[in-house]
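Subject: Handover of a structure and findings

Dear colleague,

Please find the structure for your attention directly below. A written account of what was found in it comes after.

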Amino acid sequence: MAEINWQVKHFNELTVPEYHDLLFLRIEVFVIEQDCPYQDVDNKDKVAYHVFGTNSKNETIAVARVLPQNISYPEISIGRIAVDKNNRGTGIADELMNTCFAFVETQFGKQPIRISAQQYLLNFYSRHGFKQVSEMYLEDNIPHIEMLKE
């Protein structure tokens with residue numbers, strides 16, 4: 001696997017090019033690839049910690065955002081998890097999740113984490129210690145489930 005440079009920055013620490021690149025990837029995956037027109041940029045970005053990985057060409061190829069407690073859920077949450085389609089199946093998504101977990105533990109201590117997961121990714125998130133805690137629901141016409149990692 002290629003060497004990835006992982007960074008975690010609060011919104012206020014991001015450079016304009018960094019924010020552009022992470023939005024570009026999120027829109028590419030969630031809006032274009034999944035054919036799901038929705039408001040990706042929201043006010044939660046402003047309070048989030050953005051986790052992103054760049055390759056040797058400084059291209060952003062993986063992103064996620066960590067939200068403090070009481071923003072989306074009573075618990076800390078991780079969302080907007082995306083990996084560039086040319087880099088899927090390489091273990092980068094696992095590295096991204098592990099980077100998020102390490103950051104949460106450093107920044108907030110051992111805390112439960114809640115996510116709203118696309119249902120087809122149940123096995124992926126289960127491998128990372130998440131358990132399904134809701135029935136399936138539709139979010140932007142895509143089946144989702146809430147999952148919790150204690």
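The notes that follow cover conventions, strands, cores, pockets and selected asparagines.

**Conventions**

This is a predicted model, in which local features need pLDDT of at least 70 and side-chain atom pairs count only at pLDDT 80 or more, while totals for chains, interfaces and linings use all residues. Residues are numbered from 1 along each chain as its sequence is written, and side-chain values use heavy atoms, with hydrogens and water left out.

**Strands**

Helices (H or I, at least four residues) and strands (E, at least two) are DSSP runs numbered from the N terminus. Two strands are said to pair if DSSP finds at least two bridges between them. Strand 1 (residues 5-10) pairs with strand 2 in the antiparallel sense over 6 bridges, and asparagine 5 stands opposite threonine 54 in strand 2. Strand 2 also pairs with strand 3 in the antiparallel sense, again over 6 bridges. Here valine 51 has alanine 64 in strand 3 as its bridge partner. By contrast, strand 4 and strand 5 pair in the parallel sense over 2 bridges, and serine 77 has arginine 114 in strand 5 as its bridge partner.

Burial is stated by relative accessible area: buried is under 20%, exposed is over 50%, and partly exposed is in between (1.4 Å probe, protein chains only). Strand 5 is mostly covered, with 5 of its 6 residues buried.

**Nonpolar cores**

A nonpolar core is a set of buried Ala, Val, Leu, Ile, Met, Phe, Trp, Tyr and Cys residues joined through side-chain atoms within 4.5 Å. The largest has 27 residues, of which Val66, Ile78, Leu96, Met97, Ile115, Tyr125 and Phe130 touch the most other members. At least two residues of this core come from each of strand 2, strand 3, strand 4, helix 2 (92-108), strand 5 (113-118), helix 3 (122-127) and strand 8 (142-149). Helix 2 gives the most to this core, with 7 residues. Apart from this core lies another, of 10 residues, among them Leu14, Leu23, Phe30 and Ala82.

With contact taken as heavy atoms within 4.5 Å, leucine 96 touches Trp6, Val51, Ala62, Val63, Ala64, Ile81, Ala82 and Val83, not counting residues up to four places away in sequence.

**Pockets**

On a 1 Å grid over the protein atoms alone, a pocket is an open set of points with protein on both sides within 12 Å along at least five of seven lines, whereas a cavity is a set of points where a 1.4 Å probe fits but cannot get out; lining residues have an atom within 4 Å of a point. Grid points are joined across faces, edges and corners, and a volume is the space filled by probe spheres set on the points. For residue classes, Ala, Val, Leu, Ile, Met, Phe, Trp, Tyr, Cys and Pro count as nonpolar, Asp, Glu, Lys and Arg as charged, and the others, Gly among them, as polar.

The largest pocket has a volume of about 890 Å³. Its lining has 38 residues, and the closest to its centre are Phe30, Arg80, Ile81, Gln118 and Tyr125. Strand 4 provides the largest share of this lining, 7 residues. By class, the lining of the largest pocket has 19 nonpolar, 11 polar and 8 charged residues.

The second largest pocket holds about 150 Å³ of space. Its lining residues include His20, Phe24, Glu28, Asn58 and Asp84. Helix 1 gives the most to this lining, with 5 residues. The classes in the lining of the second largest pocket are 3 nonpolar, 4 polar and 4 charged residues.

**Asparagines**

Asparagine 58 lies in the loop between strand 2 (49-54) and strand 3 (60-67). Although it is not a glycine, asparagine 58 has a positive phi of about 65 degrees. Asparagine 58 counts as exposed because its relative accessibility is 55%.

Asparagine 70, in the loop between strand 3 and strand 4 (76-83), likewise has a positive phi, near 65 degrees. At 61% relative accessibility, asparagine 70 counts as exposed.

Asparagine 123 is found in helix 3 and counts as exposed at 59% relative accessibility.

Yours sincerely
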